[in-house]
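Subject: Structure handover

Hi,

Here is the structure for you to look through. My notes follow below it.

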Amino acid sequence: MFRLSEYMHQLVAPTPVRKRGSGEVKPVVIWNMTRRCNLKCRHCYTVSADVDFPGELSHEQAMETLEDLGRFRVPALILSGGEPLDRKDLFEVATRARQLVRMLALSTNGTKIHGENADRVAEIGFDYVGISIDGIGATNDWFRGVEGAFADALRGVRECKKRGIKVGLRFTITEGNHQHLPDLLKLCDDEGVDKFYLSHLVYAGRGDKNRGEDAAHKRTRKALDLLLDRAWIGVAEDMPLDIVTGNNDADAGYFLQWVRRNFDEAHVAHVRRHLAAWGGNSSGLGVANIDFLGKVHPDTYWSDYTVGNVKDTPFSELWTGDDPMLATLRTRPRPLKGRCGACKLRDVCGGNTRIRALQLTGDPWAEDPACYLSNQEIGVDTADDRLTVTPFRGKSHDPAHRFF
Ligand code: SF4
């Protein structure tokens with residue numbers, strides 16, 4: 001996740017850079033509590049449905065896992081789904097989680113946050129509720145596969161605001177909904193939404209089948225321009241809206257170009273030091289995923305690669321064991337190839353989203369096909385034809401042929 005507003009604040013209120021050693025990083029855990037969901041989103045990476053799926057963690061297994069996460073001192077826990085509110089013991093798990101982790105968030109489609117559910121969410125004291133939305137009105141409903149989903153999600157936003165819960169909108173941008181971005185930012189302002197998360201499409205689950213709809217590079221740049229404008233208004237004019245992006249760490253490089261165009265070299269150097277200390281893509285290091293079956297993955301989209309299962313081994317042991325993929329993901333610099341390997345921005349991008357490279361080429365260390373920066377912007381030799389951007393469209397690689 002790239003925290004655009006936070007790094008932009010460094011331009012007006014600089015703070016010292018805190019270098020993190022990889023050994024001390026504990027991951028933010030995104031936990032898909034259930035695969036069940038009442039919506040049918042076209043880009044759903046868990047391919048959810050409104051049915052009970054076999055093999056989900058029992059209540060006892062979920063509570064044991066939670067205690068382990070608490071002892072391991074994970075800094076943040078995001079309860080997700082499917083639709084997490086479809087899990088019967090969600091509030092019980094969340095109540096205990098509140099006692100064990102510093103930052104507790106709920107990632108939901110928002111349609112069930114009203115009445116008693118909204119009261120419980122407020123009582124438990126979630127630090128943040130992220131509600132997914134894919135456009136305004138009928139566009140959202142088409143993407144979400146259920147009529148009325150937009151109105152219900154918006155009700156969820158309002159119910160959270162009414163109860164003083166910090167709420168964010170999460171928008172996955174595609175070719176079919178990018179034109180809604182200005183209206184969604186306006187919606188945030190009109191409704192007093194605290195945070196806006198722009199998620200780039202990752203090729204996983206239904207997102208894999210819909211990869212042809214991924215926003216073209218120039219549309220991505222236009223979207224980032226809008227976010228940069230709004231984030232700067234937030235910083236310079238005290239109109240707060242915390243803007244973050246996800247699933248395309250090249251956004252950090254794009255932001256750095258913006259800083260270069262608008263500020264002097266000292267500011268560029270300061271921001272770059274902060275971005276390099278963060279290091280870009282965090283899969284397998286600063287972020288971890290537990291899926292609805294209890295399997296642990298380097299992030300939410302890597303369902304094909306499993307470190308182990310919390311039903312058999314505690315998360316803390318899996319995460320600190322000798323898994324070869326986790327070890328390579330934690331290497332800096334990562335063993336990147338193609339444009340990513342040659343890129344002068346890889347210290348601030350970290351090589352972006354490895355699952356996307358894997359799904360397109362079968363090689364997790366190949367260049368990320370969703371990088372929208374030009375060769376000039378990434379500082380590579382334009383004469384080298386290894387360094388052309390891989391086209392978006394293509395068949396997903398055979399999942400049996402993996403990794404090494
Ligand atoms: S070329 Fe690769 S490492 Fe460089 S900015 Fe693009 S995605 Fe990141």
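Is Asn247 buried or exposed? Asn247 is buried, because its relative accessible area is 15% and the cut-off for buried is under 20%. Keep in mind that this is a predicted model. Asn247 sits in the loop between strand 7 (242-246) and helix 10. Its phi is positive, near 70°, and Asn247 is not a glycine.

Overall picture

The chain has 404 residues, and 58% of them count as buried. It holds 17 helices and 10 strands. Take the contacts with a separation of 6 or more: 74% of them come from residues 24 or more positions apart.

Backbone points to check

Arg73 also has a positive phi, about 60°, and is not a glycine. Arg73 is in the loop between helix 2 (59-72) and strand 2. Arg73 counts as exposed because its relative accessibility is 63%, and the cut-off for exposed is over 50%.

There are cis peptide bonds to look at too. One runs from Gly81 to Gly82, with omega near 15°. Gly82 belongs to the loop between strand 2 (76-80) and helix 3 (90-100). Another runs from Arg332 to Pro333, with omega near -5°. Pro333 is in the loop between helix 13 (324-329) and helix 14 (338-342).

Asp368 and helix 16

Asp368 lies in the loop between helix 16 (354-361) and helix 17 (375-378). Its relative accessibility is 3%, so Asp368 counts as buried. The side chain of Asp368 makes a polar contact of 2.8 Å with the side chain of Arg356. The Asp368 side chain also reaches the backbone nitrogen of Thr353, at 2.9 Å. Leaving out residues up to four places away in sequence, Asp368 touches Cys340, Gly351, Asn352, Thr353, Arg354, Arg356 and Ala357.

Helix 16 itself is mostly covered, with 7 of its 8 residues buried. Those buried residues are Arg354, Ile355, Arg356, Ala357, Leu358, Gln359 and Leu360. After helix 16 comes Gly362, with a positive phi near 85°.

Helix 9 against helix 10

How do the axes of helix 9 and helix 10 cross, and at roughly what angle? The axes of helix 9 (residues 217-236) and helix 10 (residues 250-262) come within 11 Å and cross at roughly 60°. The two helices are therefore oblique to each other. Their crossing is right-handed. Helix 9 brings Arg221, Leu224, Asp225, Leu228 and Trp232 to the contact, and helix 10 brings Asp251, Tyr254, Phe255 and Trp258. By class, this contact has 6 nonpolar and 3 charged residues, and no polar ones.

Lys195

Lys195 is in strand 6 (residues 195-200). Lys195 counts as buried because its relative accessibility is 11%. Not counting residues up to four places away in sequence, Lys195 touches Arg3, Tyr128, Val167, Gly168, Leu169, Leu241, Asp242 and Val244. Lys195 and Lys166 are 29 residues apart along the chain, with 8.2 Å between their C-alpha atoms.

Best wishes

Conventions. Residues numbered from 1 in each chain as written. Predicted model: local features only at pLDDT ≥ 70, side-chain atom pairs only at ≥ 80, totals over all residues. Heavy atoms only, no water. Helix = DSSP H or I, 4+ residues; strand = E, 2+ residues; numbered from the N terminus. Buried < 20%, exposed > 50% of the residue type's maximum accessible area, 1.4 Å probe, protein only. Polar contact = N/O pair within 3.5 Å; in protein donor to acceptor, adjacent residues only side chain to side chain. Contact = heavy atoms within 4.5 Å. Axes fitted to C-alpha atoms, helices over the stretch in contact; angles between N-to-C directions. Parallel < 35°, antiparallel > 145°, perpendicular 65-115°, else oblique. Left-handed = near helix turned anticlockwise from the far one by under 90°. Nonpolar A, V, L, I, M, F, W, Y, C, P; charged D, E, K, R; others polar.
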